[in-house]
Amino acid sequence: MSKTRILLAEDDPNLGDILQEYLTMKGYDTTLCRDGEDAWNRFKKDTFQLCILDVMMPKKDGFSLGKEIKKIEEDLPIIYLTAKNLKEDVISGLKIGADDYITKPFSMEELLLRIAAILRRTQTKTESKPLKTYTFGGFTLHYDRQLLESNTGEHKLTSKENELLRLLASELNQTVSRSHALKLIWGDDSYFNARSMDVYLSKIRKLLKDDPKVQIITLHGEGFKLVETGG
């Protein structure tokens, strides 16, 4: 498993070196930047799973940097470090999407615990959150917009069509059991819901008929699968 990458922006040379050394020793791949502008440039070039930003920095302060980061990667967690203990600073940090806020001086153990707690929360959220787009054959499913796009145009999907097609696309070329699909999307596998799902599958098949490389195959007694063939 690859190491978690942390972007650390701290202009105090002693504290910055200590934090980088400590976090590296604890297994985090930590990139240290001495000012906000340098941190912004590194963020644009690399991929990180967490940011630790000092609020008071030259060239670009931590709050300004955090705002710009969140515009590009809204779900990236940010911990702010500050020498101040002002309520206004805490509120300002929370308003722009701070995931945590630590006032100097602080213990390394406390920082480590907060990092671990945030990563557990954000990684669980990431694992459970569906992708926003799925591509198969000549189609692109924009799950967040309930939209199926193809060379012939766009089609707005109903909620059930969207959920069912997402499930099939996420398991492309893999069998999806009827019971699993019914319980996940309809809540239970009753006879009525099963008939309803068959109707939606028929509608989705019609939407996919323009591309012969893509089809939904029914496997009697097992379920069905979205198949993408070559050629």
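Let me begin with the term pairing: two strands count as paired if DSSP finds at least two bridges between them. Strands (E, at least two residues) and helices (H or I, at least four residues) are DSSP runs, numbered from the N terminus. By that criterion, strand E8 (residues 147-150) and E9 run antiparallel and are joined by 4 bridges. Within that pair, Leu 147 stands opposite Lys 156 in E9.

A word on provenance. The model is predicted: local features need pLDDT of at least 70, side-chain atom pairs count only at pLDDT 80 or more, and totals for chains, interfaces and linings use all residues. Residues are numbered from 1 along each chain as its sequence is written, and side-chain values use heavy atoms, with hydrogens and water left out.

Now to the sheet itself. Its 4 strands follow the order E6-E7-E8-E9, the sheet is open, and the pairing is antiparallel. Strands E6 (133-136) and E9 (153-156) stand at the edges with a single partner strand each, so one side of each has no neighbour in the sheet.

Helix H6 (residues 159-170) lies across E6, E7 (139-142), E8 and E9, where contact means heavy atoms within 4.5 Å. H6 runs at about 60° to E6; axes are lines fitted to C-alpha atoms, for helices over the stretch in contact, and angles run from 0 to 180 degrees between N-to-C directions.

Finally, strand E11 (residues 214-219) pairs with E12 in the antiparallel sense over 6 bridges, and Ile 216 stands opposite Leu 226 in E12. E11 and E12 form a hairpin with 3 residues between them, and Gly 221 in the turn has a positive phi of about 85°.
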